[in-house]
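This report describes selected features of a protein model. Please consult the sequence and the structure shown here alongside the text.

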Amino acid sequence: MRNKVELLAPAGDLEKLKIAIIYGANAVYIGGKKFSLRARASNFTIENIREACAFAKEHGAKIYVTMNIIPHDEDLDGLEDYLLELEKAQVTGIIVSSLYIAKVAQIVAPKLECHLSTQASVTNSLAIKEYEKLGFTRVVLARETSLEQIKKIKEKVNAELEVFIHGGLCVSYSGRCMLSNHLTNRDANRGGCAHSCRWNYDLYDRDNKINPEGFYFNIGSKDLVGIRHLFSLLDIGVASLKIEGRMKSLYYIATVVRCYKQLIDKYYEYVDNSVDLKGIDLEYFYKEIGKAENRLMSIGFFDGAPTCNEQLYNIRSETPTKEFIGIVLDYDEKTNIATIEQRNYFELNDKVEFFGPTLENTETTITELYDENFTPIEVARHPLQILKIKVPFELKKYDMIRKI
Amino acid sequence: MAKIYVDLKREANLSEYKCDGFIINSSEFSCYNGETFSLEEALELKELVKKENKIVILNIDMIISEDDLEALLEYLDKTYKEFDYFIYSDMAIRYYFEEKNIVNKLIYNPQTLVASSSELTRYYESGINVLLANELSYEEIEKICDMCGSYINLEVYGYHQMFYSKRKLISLYDKFFSLNKDLHDKELSLKEELRNEFYPIYESNKGTFIYTDYIYCLFDELLKIVDKVNFIKINGVFIEENDYCKVVSLYNRLLNERENVSILYEELKRINSNLSKGFLLNKSILLKVNENEK
């Protein structure tokens with residue numbers, strides 16, 4: 001029996017973690033309150049991590065905890081206790097870039113798998129063999145690795161390969177960028193990245209400004225979308241496909257995870273039945289992602305050296321094409337009434353689209369809208385308000401609603 | 001006494017340099033953006049350095065892609081016996097040297113990744129020398145000296161690399177806006193819209209590199225820890241050969257004539273006044289998580 005790929009999603013809090021798993025992630029990576037790089041993500045306490053692991057176990061999923069900070073001495077207080085707690089919580093593995101943290105983990109919490117973070121910028125098979133010797137069982141490849149190179153690497157190494165399939169891209173080699181630190185005193189390698197690569201710059205040759213009048217010299221990268229390259233990665237046999245974005249919203253996670261999960265399922269279905277994968281309509285998936293994605297997308301290094309198409313040049317697009325308006329809490333089949341939690345403003349008679357882990361996109365119009373006490377209302381304007389709406393098809397808890 | 005290692009410049013008169021060793025920056029496998037040397041040149045220069053009875057170090061610190069591996073191995077086969085030390089940042093090189101059982105020839109310089117005594121010790125246990133991260137405060141450096149119980153190695157002078165991208169960011173921009181300027185392999189500068197500093201930026205065939213707008217200078221503080229320092233590196237990138245040679249002499253005098261620190265520092269400033277202590281007195285921030293943050 002073939003090993004199926006792991007779809008690995010990010011989560012900034014417990015709610016997002018649950019959504020990621022329910023929408024199809026086989027594993028979720030989270031940051032703890034210490035040793036993690038996303039200082040502004042709502043990181044998990046040990047209690048949260050325990051709950052996350054219990055939930056994941058119940059759903060056959062795994063939890064990895066990021067500990068990929070480049071530590072200074074003062075950052076290492078409490079390391080052993082923390083690792084022990086993670087092991088006790090039944091975390092599957094930790095994602096690290098520090099050889100010291102990895103070594104301590106191997107000694108005090110040997111049940112934790114050690115995954116090498118992309119912060120280490122690994123782009124070749126010999127480096128992976130070295131990390132294998134150092135006890136790493138999985139390597140998160142640098143985002144500078146092309147598909148062709150990933151294929152060659154896979155043929156030569158034993159360690160599992162994890163590849164970023166979607167999300168934000170550092171324009172520098174990860175771990176090798178000190179722009180934020182030098183420009184703002186916020187150390188990207190300790191969780192403080194100010195995204196200085198996305199700022200506006202002028203480029204000079206001595207005293208002569210090179211960038212044309214009215215345009216800045218931008219160095220930032222568009223985000224990564226791996227829809228077109230997903231099947232090749234599955235053919236290669238990478239162990240895990242990673243979605244970036246522990247700071248992203250619940251809706252984004254649900255949409256992106258669901259999209260890749262559906263694509264992965266289609267791949268196995270088609271391959272198992274010897275059906276040509278060309279029959280899969282990739283455009284549909286691009287459109288789906290576009291409903292939650294608010295940044296311009298590119299293919300990163302998948303096809304080799306990036307072109308102008310992968311760079312951000314004075315173009316910013318921050319508005320998603322569809323708006324997330326609520327999440328289903330319950331559905332009464334007898335009355336066709338759904339109980340939902342409001343997430344964005346909407347009105348009676350708005351056209352909406354429901355979707356869920358098992359629910360295909362289904363459009364309808366809101367014809368009946370009530371508050372929690374079944375008082376008819378015309379507008380849903382209060383965030384997190386509990387509402388009732390009539391929906392003529394079956395819904396499940398955690399299905400979502402977006403305006404169209 | 002701490003040794004002084006310097007970048008070898010093409011016009012350098014080796015005997016004039018008051019240093020203990022020369023770093024030959026490989027054209028093929030270093031991401032140094034000053035004078036670099038082909039394999040043939042490096043092997044010839046090595047002989048010249050040896051004649052001066054100095055240590056000879058080959059810098060091959062680029063991040064290696066899978067496509068570069070074959071050429072790298074061929075290169076290492078031709079060089080591993082020839083040089084005293086090798087500066088590297090990619091673990092493929094460590095793998096190679098471990099196979100040859102000569103890791104003591106290695107100096108790990110990942111620029112950013114070794115920032116604690118614990119991390120440093122992890123490399124020392126394997127017999128590998130390390131250059132500490134450049135963004136450490138003096139307090140941290142001092143603490144590392146105390147805690148690791150061994151010698152440390154520091155880059156003490158020069159423009160610090162603060163960004164290393166595999167992307168050819170300048171050529172791509174040039175192409176996108178059809179500027180048709182020849183900006184590859186050229187020292188340019190970058191200015192952020194709200195700031196006044198000009199950061200050197202350089203695109204080579206290894207990618208795009210951005211440097212500090214100042215010359216980092218660890219000078220008087222060096223004397224307080226010098227007994228715990230194995231070697232110092234004086235970075236020659238973007239510094240004229242003549243000035244560079246003078247800077248090296250001043251560091252040599254600092255280590256030998258300790259009483260004249262302030263005079264020496266004034267001389268150093270006269271060569272180039274754009275000196276800064278970088279993070280030495282200005283610790284970078286680890287953004288602790290606010291418990292109430294959503």
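## Basis of the model

The model is predicted, and local features need pLDDT of at least 70, side-chain atom pairs count only at pLDDT 80 or more, and totals for chains, interfaces and linings use all residues. Residues are numbered from 1 along each chain as its sequence is written, while chains are lettered from A and ligands numbered from 1 in the order in which they are written.

Helices (H or I, at least four residues) and strands (E, at least two) are DSSP runs, numbered from the N terminus.

## Contact between chains A and B

Chain A contributes 64 residues to the contact and chain B contributes 57 residues; two residues are in contact if their C-beta atoms, placed from the backbone, lie within 7 Å. On the side of chain A that touches chain B, the elements giving two or more residues are helices H4 (99–108), H5 (125–133), H6 (147–156) and H7 (179–184), together with strand S8 (201–205), of chain A. H5(A) gives the most to this side, with six residues. By class, the side of chain A that touches chain B comprises 29 nonpolar, 20 polar and 15 charged residues. For these classes, Ala, Val, Leu, Ile, Met, Phe, Trp, Tyr, Cys and Pro count as nonpolar, Asp, Glu, Lys and Arg as charged, and the others, Gly among them, as polar.

H4(A) packs against helix H4 (residues 117–124) of chain B at an angle of about 80°, with the axes 8 Å apart. Axes are lines fitted to C-alpha atoms, for helices over the stretch in contact, and angles run from 0 to 180 degrees between N-to-C directions. H4(A) and H4(B) are therefore roughly perpendicular to each other; angles under 35 degrees count as roughly parallel, over 145 as roughly antiparallel, 65 to 115 as roughly perpendicular and the rest as oblique. Leu99(A), Tyr100(A) and Lys103(A) of H4(A) make this contact with Ser118(B), Glu119(B) and Arg122(B) of H4(B). The contact of H4(A) with H4(B) has two nonpolar, one polar and three charged residues.

## Helix packing within each chain

In chain A, helix H9 (residues 250–272) and helix H10 (residues 282–290) pack at an angle of about 165°, and their axes are 9 Å apart. That angle makes H9(A) roughly antiparallel to H10(A). Thr255(A), Val256(A), Cys259(A) and Leu263(A) in H9(A) meet Phe285(A), Glu288(A) and Ile289(A) in H10(A). The residues of this contact divide into five nonpolar, one polar and one charged.

In chain B, helix H8 (residues 241–256) and helix H9 (residues 261–271) pack at an angle of about 170°, with axes 10 Å apart. H8(B) and H9(B) are therefore roughly antiparallel to each other. From H8(B), Asp243(B), Lys246(B), Val247(B), Leu250(B), Arg253(B) and Leu254(B) meet Val261(B), Leu264(B), Glu267(B), Leu268(B) and Ile271(B) in H9(B). The contact of H8(B) with H9(B) includes seven nonpolar, no polar and four charged residues.

## Nonpolar core

A nonpolar core is a set of buried Ala, Val, Leu, Ile, Met, Phe, Trp, Tyr and Cys residues joined through C-beta atoms within 7 Å. A residue is buried if 20 or more other C-beta atoms lie within 10 Å of its own, exposed if 12 or fewer, and partly exposed in between; C-beta atoms are placed from the backbone. In the largest nonpolar core, of 212 residues, those touching the most other members are Ala20(A), Ala25(A), Val28(A), Val257(A) and Leu132(B). H9(A) gives the most to this core, with 11 residues.

Beyond its neighbours within four places in sequence, Val28(A) is in contact with Ala9(A), Ala11(A), Leu17(A), Ala20(A), Ile21(A), Ala56(A), Ala61(A) and Ile63(A).

## Loop residues of chain A

Gln90(A) lies in the loop between helix H3 (79–88) and strand S4 (93–96) of chain A. Although not a glycine, Gln90(A) has a positive phi of about 70°. Gln90(A) is partly exposed, with 17 other C-beta atoms within 10 Å. Arg206(A), in the loop between S8 and strand S9 (208–209) of chain A, also is a residue other than glycine with a positive phi, near 55°. Arg206(A) counts as exposed, with 7 C-beta neighbours inside 10 Å.

Phe215(A) is in the loop between S9 and strand S10 (223–225) of chain A and is partly exposed, with 14 other C-beta atoms within 10 Å. Leu296(A), in the loop between H10 and strand S12 (297–298) of chain A, is partly exposed, with 18 other C-beta atoms within 10 Å.
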